[in-house]
Amino acid sequence: MFNMSPLNPTHFIFALIKFLKNKRPQFLFLFLSLILGSTAFSQNISYNYKTYDVEEGLPSSEVYCLIKDAQGYLWFGTDAGVSRFNGYEFTNYSIVDGLSDNTIFTIYEDYRGRIWFLGFTGGISYYENGLIHSYRHNDKLLEALEDKGHISKLIVGHDETIRFCLYPWGSGKIEPEGEITIHSTREDVEISHPFLRAIAEENDQILIARKLGEKKLSLYLKRNGQEEFITEHGSATYYSYSYLLDSNSSFFIVGDILGYVNPDTILTKKFGGGFCTVNMNAEGQVWLTEKNKGIKIYKNTQDLFGGKDPIMTLFNGLTISQILFEQHGAVWLSIEDRGVCYIYNYHIDNYLSNVGNRTEISAMCKNEFDELFYVGETGEVYKVDTLGVHSFLFDIEMEVNSIYFAAPNKLFVTNFQNISHKTWQENGYEIHSLNGRNLAIIDDTELWRITSAGINKEISGEIVFKSNGVNFFKTVCQDSSGIVWIGGNKGLYKYENKEITSANHLLGENREKTKVNRIRVLNSKTILIATKSSGLHILTRKNGEYLDQIIPLDSETLNDVYFDDEQGFWIASNKGILNAKIDSTGHFSLRKINHLNGLPSSQVNHITGINNIIYAGTNNGLVKFDKKFISPNNNPPKLLMNPILVNGKPQDSLKTPFQFSHNQNHIEFSFIGLSGYNPGSINYRYRLNGIEQNWKYTKSRSISYPSLPPNDYLFIVEASNEDGFWSEAQQIPFSITSPFWKRGVFIAIAGFLLFILISAYYNYKEKRKLEKYEKSRQFEEQKRKVIEAKLIALRSQMNPHFTFNSLAAIQNVMINFSVKEAVDYMGKFSSLVRKILENSENLYIYLDEELEMLQLYLMLENIRFNNEIDYSFKVAPSIEQDFVEIPSMIIQPFIENAIIHGLAPKNEGIKRIEVEFHEDFESIYCSITDTGVGRKKAREIAKKSGIKHQSLGIKITEERLKLFGAGENDEFAFEIKDLYDDEGTATGTQVQIKLKKKDDDQRS
């Protein structure tokens, strides 16, 4: 830390600071805070800043110069080499790394991005492509500069000609081939000094000094071929410097003469001290440094050269060697023997209390004249008038919780140290000290005071209302309608009709958890409610109803709120100052102002505004800034990529897009966002197209993917500043190839070979299959012929069996009936025999033909049994009788068996046979149901008669069905079921036959 007050510290103080810093760092802050002010009752402006020294990585505390290069790196020249700063760490270079000298006074960047270094010995070196190089003509240059001084500044032209200035006086150039010209020396009668500009033209602008005597000079400015007289008050010491501000204006120093030049003005002034550097910020303020006198800040060049006092002095007693202005009020300073200082924002003034080391602003308010009053934590009261002038008023000598003006000179304060009301006069003010946390005064007569037990209403010192029970209230105010609003840890309340009632129902969601820290009346219809972790509530009365609009700031504790018409809401929170705006559609935008923007503390307790000035009370003093200078940082960082690492090895960044083999799949990316404003406070987001769809956010500057599968990838990364403005994306395309055995060509060749092998194998298998099939076909054909032969043999057995039965029936008819009936029977029999003979060559016949034969057969049998048998045939409509084929004579044996063994023995009751056909997708089903005596009774009858007879027709049919079903998974089968009534008496027999439908290749 550095002293930024207008004091003139002695060498003893600086020695003590150095001792404390090196030996007792824990006491340094306390010591510096004690010397920041000039008296015990004054306020002194300071800025929030950060220091960098050897402990942070600088090679030395003695820093002579600094620049910011085009990429965004900061370079510092020290007495122990140069250091490059990326916002996170320092990279140091010395003569070991190629510098011509360890003591570097000047750093310069040329048109190619090379960084040039000028050392004490006069040698030149430069940085390019990560390395320090010695200038190739150094030997000639050192020889030419002998006894003439050393180079203080240089520029490199596009033709590689170097032009330079000499200290203490003179100039020269170095041709690309090494020819060196010195334009003048200190003994010259007329000596010249070029202004060093980006355009390296020798006649651009030249200072000309002519001797008037042993110790006097006459200065002229030569530009555009014309000389302009400047002054006759030069110094015989002759040393000179120039400081380029822009393409049209510059400062220069010649001896003890300070000058300023622009196209319209030449200003000069003689100073007694030794100059170090001079610069001008964006607002036109001139920052001038002198040896051991810190920085003097002048409002403008007119004040500087007009003899007016500076508006501020910073770091008095230190030597600031160079000043670099960044955006948004940030400043970099190089300091001899103190390292480097970064000022976060010179637009934000910080007023520190000087009583002890207590700097918290405990209370703050405005009076009706827009005068600001604020109180330090230990009780010192300060005033800021409408012109911004700060003055100390008096010291209450106790901790103050709140401050309130009831009249221009009538001041009320609350604290927890007074038990009773105390009143006294001091410095023209009538001061009333009361016990309590907060208060509000209404119409100069009615006082509301918050205590640890609740809230009281007092008139003329008498308590006229007291809340019931203990409630931790924090804030109170009255709106224009006369309602007194009260807030605390249990939410929002209002006082009406002499009682306090909860108003949490007005606060929308999470109302039960709302903790109200501050209530402010915005206008006649609107009050603002700052809460803890529930956002800012904007409560507006319309048509007798209250509407609640919320700015959701759930993660912040809101301590106070101020509204202005131009920039919306200014909110004091535990994370800095929040500036929220609501547009006409109800959407809000938010930006944060915290220590990175220049606040001395992110804990802000109070906030208000006077005209364009915002005042905020923090835990580290009062903050003041003009809101027009506090704008979002819309300049994103410059994002640079480092070489990527593949399996730990860096890759040539020029060989994009990269292509790696399948075992080169551990990929690491590293990058850095460069910004001289808020260094190191960069956020990053990245994604790897190919495996990631959404952004990932980080503060890390390296990303590793340890095991990526083969694919095409695109790594994308962006950097953001503290206000959320993102840089242009950096993209790195790369691909990881599959192993050769997974590549398309290999797969295609392997596939082709595999296809050939599979084809050969398939052909072999097909050939074997065909051979096997042919053998199988021949075998099946033989088997089929055998089966057909057996079927024919069986059918041949069926024909005589059937014929024998039929002839026996004819014989019976002839014996028992008339000749006419026998002749009729013979006619029907001959028709049946003819049909059997017609189908004797076919294994299968159509169903309608089979049905016709069965009907003839049943008709003949019925004649034989005196027409006692009732029979019927039912065929499902879906069966195409003239298309469906079944084995011939497969049904008749079962009908015959039903007649002979079932119906013939039956003496009483109905004798009936029902034949039914139905089908499914693959089979034909036939059921033959009779009402005979049943198999059990038939066996008993046969046993009594001594007849051992097994139906030959059924046996033959069973063998036929087995042969038909051979190899067909029992697709040809039959089943005989005994039928019973409910009492268990046999009622007949049912035969169910399953016949597979004939395929086209089976038809004959």
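**Note on the predicted model**

1. Start with Met889. Met889 is buried, at a relative accessible area of 6%. The cut-off for buried is under 20%, so Met889 falls inside that class at 6%. Met889 sits in the loop between β70 (885–887) and α8. Its backbone deserves a look: phi is positive, about 55°, although Met889 is not a glycine. Keep in mind throughout that this is a predicted model.

2. Phe315 is another residue for the backbone check. Phe315 has a positive phi of about 55° and is not a glycine. Phe315 lies in the loop between β26 and β27 (319–325). Relative accessibility is 0%, so Phe315 counts as buried.

3. Next, helix α8, which spans residues 892–903. Is α8 mostly covered or mostly uncovered? Mostly covered: 9 of its 12 residues are buried. The buried set is Gln892, Pro893, Phe894, Ile895, Glu896, Ala898, Ile899, Gly902 and Leu903. Note that Gln892 and Glu896 are on that list. In an α-helix there are 3.6 residues a turn, so residues three or four places apart point the same way.

4. Now the packing. The largest nonpolar core has 43 residues. Which members touch the most others? They are Ile891, Ile895, Ile899, Ile913, Phe917 and Ile928. Helix α7 (residues 847–864) supplies the largest share of this core, with 9 residues. A second core is separate and holds 38 residues, including Tyr73, Leu99, Leu640 and Phe715. In soluble globular proteins, nonpolar side chains tend to be buried together.

5. Residues up to four places away in sequence are set aside here. Phe917 then touches Leu847, Leu851, Lys874, Val875, Ala876, Ile879, Ile891, Ile924, Tyr925 and Cys926. Lys874 is on that list. So is Ile891, itself one of the core members with the most contacts to other members.

6. The largest cavity has about 80 Å³. What lines the largest cavity? The lining consists of His328, Asn345, Arg591, Lys592, Ile593, Asn597, Phe629, Ile630, Ser631, Pro632, Tyr677 and Asp723. By type, the lining divides into 5 nonpolar, 4 polar and 3 charged residues. Rolling a probe the size of a water molecule over the atoms shows where empty space is left.

7. Ala572 is in strand β52 (residues 568–573). Ala572 is buried, with 0% relative accessible area. Beyond its neighbours within four places in sequence, Ala572 is in contact with Thr557, Leu558, Asn559, Asp560, Val604, Asn605, His606 and Ile607. Thr608 is 36 residues away along the chain, with a C-alpha separation of 9.2 Å from Ala572.

8. Gly307 is a loop residue, between α4 (301–305) and β26 (312–314). Gly307 counts as partly exposed, at 45% relative accessibility. Lys269 lies 38 residues from Gly307 in sequence and 8.8 Å from Gly307 in space, C-alpha to C-alpha.

9. Finally, the chain as a whole. The secondary structure comes to 10 helices and 74 strands. Of 1004 residues, 50% count as buried. Take the contacts between residues at least 6 apart in sequence: 50% of these join residues at least 24 apart. The accessible surface is about 48,900 Å², and carbon and sulfur atoms account for 50% of that.

Definitions and conventions
Residues are numbered from 1 along each chain as its sequence is written. This is a predicted model: local features need pLDDT of at least 70, side-chain atom pairs count only at pLDDT 80 or more; totals for chains, interfaces and linings use all residues. Side-chain values use heavy atoms; hydrogens and water are left out. A nonpolar core is a set of buried Ala, Val, Leu, Ile, Met, Phe, Trp, Tyr and Cys residues joined through side-chain atoms within 4.5 Å. Buried means under 20% relative accessible area, exposed over 50%, partly exposed in between (1.4 Å probe, protein chains only). Helices (H or I, at least four residues) and strands (E, at least two) are DSSP runs, numbered from the N terminus. Contact means heavy atoms within 4.5 Å. On a 1 Å grid over the protein atoms alone, a cavity is a set of points where a 1.4 Å probe fits but cannot get out, and a pocket is an open set with protein on both sides within 12 Å along at least five of seven lines; lining residues have an atom within 4 Å of a point. Grid points are joined across faces, edges and corners, and a volume is the space filled by probe spheres set on the points. Ala, Val, Leu, Ile, Met, Phe, Trp, Tyr, Cys and Pro count as nonpolar, Asp, Glu, Lys and Arg as charged, and the others, Gly among them, as polar. Accessible areas come from the Shrake-Rupley method with a 1.4 Å probe; for residues, only the protein chains shown count as cover.
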